[in-house]
Amino acid sequence: MKKDESYYLMREQLKEWVEDSQWIIDEEYIKDKEYYDCVKDIFNNKAFQSMNQFIQHGTTTTRAHSIQVSYLAYHMAKARGLDYVSVARAGLLHDLFLYDWHTHAKETGNRFHGFTHPRTALKNAEKEFQLNDIERNCILRHMWPLTPIPPKYKEAFLITYADKYCSLAEVFVGWKMRAAQVMAKLTNA
Ligand SMILES: [Fe+2]
Ligand SMILES: [Fe+2]
């Protein structure tokens, strides 16, 4: 399939959103009325807001990571004619496990956060919101292929993809920042 100009523009835009998360700090997503109308109730929810206290990767909070996954996957779903409302909502809820995974193993003995947190997130999300099948599947299968059962819907594949893309970028930015700090220390020594 021949890729048109809008495909490349979209790809560049997605890359920008992942590499520089200032747009999340500035709450730019609120200005995107179509997106915000789909997810406003989640943004106003206390459990969702509490993700701001947990770090996901590097310096990115779990809340910021979830916004990034949601917004990226929402645009990809829209461009592909998929259920973008479910994707936007599931993106915000896919990591609603509500603990600091860095200390979780020490505190609870559960060393399998990578495998167990999708089910915890789903349980928490169902306590707060009425979910449809696509949203449930997006949350429960987002760690595929680490968890062996693949997603059932195209929308859920988009969430797994956006999640991995954002997570890798967060880790990479964290490494880059740490390397810069070490370099600064060495040059000042
Ligand atoms: Fe996750
Ligand atoms: Fe995630």
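The model is predicted. Its largest nonpolar core holds 38 residues, of which Leu72, Ala73, Val87 and Ile159 touch the most other members.

- At least two residues of the core come from each of helix 1 (5-19), helix 3 (33-43), helix 5 (62-79), helix 6 (84-93), helix 8 (113-128), helix 9 (133-140) and helix 10 (154-188).
- Among these contributors, helix 5 gives the most, with 8 residues.
- In soluble globular proteins, nonpolar side chains tend to be buried together.
- Leaving aside residues up to four places away in sequence, Ile159 touches Val69, Ala73, Val87, Ala90, Gly91, His94, Cys138 and His142.

**Helix 5 against helix 6**

- The axes of helix 5 and helix 6 lie 7 Å apart, and the two helices pack at an angle of about 165°.
- Because angles over 145 degrees count as roughly antiparallel, helix 5 is roughly antiparallel to helix 6.
- The crossing of this pair is right-handed.
- Helix 5 makes the contact through Ser66, Ile67, Val69, Ser70, Ala73, Tyr74, Ala77 and Lys78, while helix 6 uses Tyr84, Val87, Ala88, Gly91 and Leu92.
- Sorted by class, the residues in this contact are 9 nonpolar, 3 polar and 1 charged.

- Helix 9 is largely enclosed by the rest of the structure, because 6 of its 8 residues are buried.
- The buried residues of helix 9 are Ile134, Glu135, Asn137, Cys138, Ile139 and Leu140.
- Helix 6 and helix 9 cross at roughly 35°, and their axes come within 9 Å.
- Helix 6 passes helix 9 in a right-handed crossing.
- On the helix 6 side, the contact is made by Ser86, Val87, Arg89, Ala90 and Leu93; on the helix 9 side, by Ile134, Glu135, Cys138 and Ile139.
- This contact has 6 nonpolar, 1 polar and 2 charged residues.

**Asn45 in a loop**

- Asn45 lies in the loop between helix 3 and helix 4 (46-49).
- Asn45 has 16 C-beta neighbours inside 10 Å and therefore counts as partly exposed.
- Although Asn45 and Glu128 are 83 residues apart along the chain, their C-alpha atoms are separated by 8.1 Å.

Technical notes: Residues are numbered from 1 along each chain as its sequence is written. Chains are lettered from A and ligands numbered from 1 in the order in which they are written. This is a predicted model: local features need pLDDT of at least 70, side-chain atom pairs count only at pLDDT 80 or more; totals for chains, interfaces and linings use all residues. A nonpolar core is a set of buried Ala, Val, Leu, Ile, Met, Phe, Trp, Tyr and Cys residues joined through C-beta atoms within 7 Å. A residue is buried if 20 or more other C-beta atoms lie within 10 Å of its own, exposed if 12 or fewer, and partly exposed in between; C-beta atoms are placed from the backbone. Helices (H or I, at least four residues) and strands (E, at least two) are DSSP runs, numbered from the N terminus. Two residues are in contact if their C-beta atoms, placed from the backbone, lie within 7 Å. Axes are lines fitted to C-alpha atoms, for helices over the stretch in contact, and angles run from 0 to 180 degrees between N-to-C directions. Angles under 35 degrees count as roughly parallel, over 145 as roughly antiparallel, 65 to 115 as roughly perpendicular and the rest as oblique. A crossing is left-handed if the near helix is turned anticlockwise from the far one by less than a right angle, and right-handed if clockwise. Ala, Val, Leu, Ile, Met, Phe, Trp, Tyr, Cys and Pro count as nonpolar, Asp, Glu, Lys and Arg as charged, and the others, Gly among them, as polar.
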